[in-house]
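Please keep the sequence and the three-dimensional view at hand while reading.

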Amino acid sequence: MTPGIPSRIDDATRMECKICWYVYDPVEGDPIEQIEPGTPFRALPDYWRCPQCDAEPNAFIPATDDD
Ligand SMILES: [Zn+2]
């Protein structure tokens with residue numbers, strides 16, 4: 001397995017912080033970091049961190065609550 005961001009996520013995948021359970025939704029973006037709506041998780045800038053707990057993007061896992 002490759003560490004870091006899972007390769008199977010696509011541009012519409014919502015990503016969940018495994019530390020604080022914040023969910024990044026590409027439809028909404030992240031107004032706190034001025035990420036525009038429609039920005040895929042893998043297109044987030046290098047400096048982006050979890051707005052709630054400051055975790056790095058590799059702490060995020062695909063959200064599965066709509067399965
Ligand atoms: Zn977090």
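In this predicted model, the side chain of Thr39 reaches the backbone oxygen of Glu36 at 2.6 Å. Thr39 itself is placed in the loop between strand 2 and strand 3. Is Thr39 buried or exposed? Its relative accessibility is 17%, and because buried means under 20% relative accessible area, Thr39 counts as buried. Beyond its neighbours within four places in sequence, Thr39 is in contact with Tyr24, Pro26 and Leu44.

Met15 stands opposite Tyr24, a residue of strand 2. Strand 1 and strand 2 pair in the antiparallel sense, over two bridges. The sheet as a whole is open and consists of three strands in the order 2-1-3, with antiparallel pairing. Strand 2 and strand 3 are its edge strands, each pairing on one side only.

The largest nonpolar core has 13 residues, of which Tyr22, Tyr24, Phe41, Trp48 and Phe60 touch the most other members. In soluble globular proteins, nonpolar side chains tend to be buried together. Which residues surround Trp48 when its neighbours within four places in sequence are left aside? Trp48 is in contact with Tyr22, Tyr24, Phe41 and Phe60, and also with Asp30, Glu33, Ile35 and Pro57.

The remaining feature is the metal site. Which residues donate to the zinc ion? The protein donors are the SG atoms of Cys17, Cys20, Cys50 and Cys53, lying 2.3 Å from the zinc ion. Along the chain, these donors follow the spacing C-x2-C-x29-C-x2-C. Within this set, Cys20 and Cys53 link distant parts of the chain, being 33 residues apart. Cys20 lies in the loop between strand 1 (15-17) and strand 2 (23-24), whereas Cys53 lies in the loop between strand 2 and strand 3 (60-62).

Why is the arrangement around the zinc ion described as tetrahedral? The four donor atoms subtend angles of 101 to 118°, and four donors count as tetrahedral if all angles lie between 85 and 135 degrees. The arrangement is therefore tetrahedral.

Cys20 has a relative accessibility of 23% and so counts as partly exposed. Cys53, with a relative accessible area of 29%, is partly exposed as well.

Methods:
Residues numbered from 1 in each chain as written. Predicted model: local features only at pLDDT ≥ 70, side-chain atom pairs only at ≥ 80, totals over all residues. Heavy atoms only, no water. Donors = N, O, S within 2.8 Å, 3.2 Å for Na, K, Ca; no water. Tetrahedral: all angles 85-135°; square planar, octahedral: opposite > 155°, others 65-115°. Helix = DSSP H or I, 4+ residues; strand = E, 2+ residues; numbered from the N terminus. Buried < 20%, exposed > 50% of the residue type's maximum accessible area, 1.4 Å probe, protein only. Pairing = 2+ DSSP bridges. Polar contact = N/O pair within 3.5 Å; in protein donor to acceptor, adjacent residues only side chain to side chain. Contact = heavy atoms within 4.5 Å. Core = buried A, V, L, I, M, F, W, Y, C linked by side-chain atoms within 4.5 Å.
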